[in-house]
Amino acid sequence: MSLRVDFREAEEAGRWHAVNDGVMGGVSQGGLHVEEGLGVFAGRLSLDHGGGFASVRRERGDPALDEAHGMRLRVRGDGRTYQLRLRADRLPEGAAYRARFATSGDWQTLDLPWSDFEAVYRGRRLDDAPPLAPEEIRQLGFLIADRREGDFRLEIATLEALA
């Protein structure tokens, strides 16, 4: 059995929580809700008061990702660039492994091998960070921080382990 996030499950929306730039004084708004079996990460990005990011995350849950080769997404975005973020205990608090992906307005299936992920802290690359260890991933999330004010919307049909 491999990890697969299914937004058709009634309890899935409640597993996600938002962490927006308000933690640093910003006023961006974002969150995740479910519409017709799709996860929808949406809100409004603002650069006011030093802000500029919105994110959602959830605990990994079972099963572990130690046999996976990466993550597969089926998404439809608004032409903006998003990040899939993975948190692991071997990184300092607040740091994550990220893989960026551009959206086109059409449905896209994206395969993100572990080699696409880089360790970052507050948008800066951590060159001395340990490599991503899939068995240690404890949290999955999405983030937008493209320095463009305005509404954003990312629809997520699937998020699953890449076999």
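This passage describes the fold of a predicted protein model and the surroundings of two of its residues. Residues are numbered from 1 along each chain as its sequence is written, and side-chain values use heavy atoms, with hydrogens and water left out. In this predicted model, local features need pLDDT of at least 70 and side-chain atom pairs count only at pLDDT 80 or more, whereas totals for chains, interfaces and linings use all residues.

The protein chain contains 13 strands and zero helices, where both are DSSP runs numbered from the N terminus (helices: H or I, at least four residues; strands: E, at least two). From the N terminus on, the order of elements is therefore β-β-β-β-β-β-β-β-β-β-β-β-β. The C-alpha trace spans about 40 × 40 × 25 Å along its principal axes. The radius of gyration of the protein chain is 15 Å, in agreement with the value near 15 Å for a compact globule with 163 residues; the radius is taken over C-alpha atoms, and the globule rule is 2.2 Å times the number of residues to the power 0.38.

Of the 163 residues, 50% count as buried (under 20% relative accessible area, with exposed over 50% and partly exposed in between; 1.4 Å probe, protein chains only). The protein chain exposes about 8,200 Å², of which carbon and sulfur atoms supply 44%; accessible areas come from the Shrake-Rupley method with a 1.4 Å probe, and for residues only the protein chains shown count as cover. Among contacts (heavy atoms within 4.5 Å) between residues at least 6 apart in sequence, 74% join residues at least 24 apart.

Gly 39 lies in strand β4, residues 38-45, and counts as buried at 0% relative accessibility. Gly 39 and Ile 156 are 117 residues apart in sequence, yet their C-alpha atoms are 4.9 Å apart in space. Beyond its neighbours within four places in sequence, Gly 39 contacts Phe 7, His 33, Leu 154, Glu 155 and Ile 156.

Thr 103 is located in the loop between β8 (95-102) and β9 (107-113). Thr 103 is also buried, with a relative accessible area of 7%. A polar atom of the Thr 103 side chain lies 3.3 Å from the backbone nitrogen of Asp 78, and a polar atom of that side chain lies 3.0 Å from the backbone nitrogen of Gly 79. With neighbours within four places in sequence left aside, the contacts of Thr 103 include Gly 77, Arg 80, Tyr 82, Gln 108 and Leu 154.

Key
Polar contact = N/O pair within 3.5 Å; in protein donor to acceptor, adjacent residues only side chain to side chain.
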